[in-house]
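Here are a few exercises to work through with the model open beside you. Try each task before you read its solution.

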Amino acid sequence: MRRERERDVAKAKGKRGGQFGREGVDLQSGRYLQVKDSHCVATAAEKKKLYFNVVQGPMENQTVTVEGGGVNATIITANIAATNGIIHIIDRLLGVPYTTVLDKLRTDPMLNSTYLLGQRRGFNDQLNDTKKRFTYFAPYDYAWKDAANNYPSTTKKLFMPEFSYHRSQTKQILERHLIIADQAYTMAKLKEMSNDTLYLPAARDILKLRIKEHSESYQVEWEGKKIRVIRPDVECTNGIIHVIGSVFLKDSDVRVTGGASLATLAPHLIMILIAKWHL
């Protein structure tokens, strides 16, 4: 069984190449689901949409999933014809969340890379706490692929477990995306709270955002960047995930040098000066 699993991983890597597949799926995580196509469809409920994904496994098998109200279901019987429409039978009731933020990240095929990075330094562990309420701006996989295109060397190192410094850096970046408060915030609530700039207590520092709404879709403005909210209000039992189209990444996050910094050298310089003074 183990050999078959390793063979499947090798096969998947060989066909797709590199660390990221399409949509930035990291094949080294052992999670084989890869989004091949996505569609968004409005529902009869106001401002509520369904998100359909065609997901491909390691053996090229394809499955159609539908996500609504934080619940991801699989279509088990499709295209049942009726006189006034078509019926698709799914395996879960949509709109009634049953997973924590952590479980949602673990199973959502569009959030593979965010889940993988959160496993470093135990960042994800807190997301299973049902006594807290989280609002997580989670970059979807293509956002990490885009970051890899802009900062190839740094992003590659962020995904390499042997770089302990970058594991710490990754945790700091993810903390910027996570709000821990006494309530979880929907996009409508954030828009209501925001006259101009919104200040939110992120796990790291203060998250300053502007929320814009255009034709029933939302946009987040952060550090001068306009970021589309791909899937708003993914409800979980202990919070809400907003899937976003870009990473909250600053230039200062990716300035990695091989030399020692002044802060690192300062104690040694002081010791040398003291030694010379006593000579």
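A salt bridge here is a side-chain nitrogen of Lys or Arg within 4 Å of a carboxyl oxygen of Asp or Glu. The structure is a predicted model, where local features need pLDDT of at least 70 and side-chain atom pairs count only at pLDDT 80 or more, while totals for chains, interfaces and linings use all residues. Residues are numbered from 1 along each chain as its sequence is written, and side-chain values use heavy atoms, with hydrogens and water left out.

**Exercise 1. Trace the network of salt bridges that includes E67, and say which parts of the chain its pairs tie together.**

Step 1: start with the tally, which is 8 salt bridges by this rule.

Step 2: take E67, whose side chain meets that of K104 at 3.8 Å, N to O. E67 sits in strand 3 (residues 62-68) and K104 in helix 2 (residues 101-107), so this pair ties together parts that are 37 residues apart in sequence. Helices (H or I, at least four residues) and strands (E, at least two) are DSSP runs, numbered from the N terminus.

Step 3: go on to D108 and R231, whose closest N and O atoms are 2.7 Å apart. D108 is in the loop between helix 2 and helix 3 (112-118), and R231 is in strand 11 (residues 225-236), so here the parts tied together are 123 residues apart in sequence.

**Exercise 2. Work out how strand 9 pairs with strand 8 and with strand 10.**

Step 1: use the rule that two strands pair if DSSP finds at least two bridges between them.

Step 2: strand 8 (residues 198-201) and strand 9 (residues 206-214) are antiparallel over 4 bridges, with L200 opposite L207. Their hairpin has 4 residues between the strands, and D205 takes a positive phi near 65°.

Step 3: strand 9 also runs antiparallel to strand 10 (residues 217-222), joined by 5 bridges; I211 has V220 as its bridge partner. This hairpin has 2 residues between the strands, and S215 in the turn has a positive phi of about 50°.

**Exercise 3. Where is confidence lowest, and where is it highest?**

Step 1: recall that pLDDT is the predictor's confidence in each residue, from 0 to 100. The mean for the protein is 78, and 74% of its residues reach 70 or more.

Step 2: Helix 1 (residues 2-16) is lowest, at a mean of 41, and strand 6 (residues 133-139) is highest, at 98.

Step 3: pLDDT is below 50 over residues 1-32 and stays under 50 over residues 257-277.

How values were computed: Contact = heavy atoms within 4.5 Å.
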